[in-house]
Amino acid sequence: MKQVAAYIRVSTIGSGADLIVTVNEEIDGSITITACAADCEGSLNIPAEINGKSVTVIGSGAFSGCEYIEEIILPESVEKIEPYAFYGCSSLEKITIPKSVTSIGERAFMECPGLTDVYYGGTEEQWKKIETGIYNEKL
């Protein structure tokens, strides 16, 4: 595993915004987003690839405390949302979770009081099969 900083362009509603994230390049070549600049805001459309490698995991605490994010759209490449990934995102209202996600860690969405819209790309049956940790009642 190699940790690198990535300066990426993340599309937002109507425009683009630069976002600095820290990522781990895993042994299999996939990418785990591990941290994000705390001043990120608005609507974030996470890219499916960073530096040509597939983003498969939103790491533990990756967006924790990013209190100005209002919406997050995860790409189909994401398979796992680790514990505390979005903990304390107090302005988060909407999230789009792709059908590729198979697990959501405990407290991933804890302290997100504004989260009211959860969009899932799969069926209700597929949603029920996702391994979901405790304290994710907003889902």
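Q: Are Phe86 and Phe109 buried or exposed?

A: Buried means under 20% relative accessible area, exposed over 50%, and partly exposed in between, with a 1.4 Å probe and protein chains only. Phe86 and Phe109 are both buried. This is a predicted model, in which local features need pLDDT of at least 70 and side-chain atom pairs count only at pLDDT 80 or more, while totals for chains, interfaces and linings use all residues. Residues are numbered from 1 along each chain as its sequence is written, and side-chain values use heavy atoms, leaving out hydrogens and water.

Q: How many aromatic pairs are found in the whole structure?

A: Rings of Phe, Tyr and Trp (its six-membered ring) pair if their centres lie within 6.5 Å; planes under 30 degrees apart count as stacked, over 60 as edge-to-face and the rest as tilted. The search finds four such pairs. One of them, Phe63 with Phe86, is stacked because the ring centres are 5.4 Å apart and the planes lie at 15 degrees. Phe63, Phe86 and Phe109 form one aromatic cluster.

Q: Which residues touch the most other members of the largest nonpolar core?

A: A nonpolar core is a set of buried Ala, Val, Leu, Ile, Met, Phe, Trp, Tyr and Cys residues joined through side-chain atoms within 4.5 Å. Here the largest core has 31 residues, and Phe63, Phe86 and Phe109 touch the most other members.

Q: How many disulfides does the structure hold?

A: A disulfide is a pair of cysteine sulfur atoms within 2.5 Å. The structure holds zero. For Cys89, the nearest cysteine sulfur belongs to Cys112, 5.1 Å away. Cys89 counts as buried, at 0% relative accessibility.
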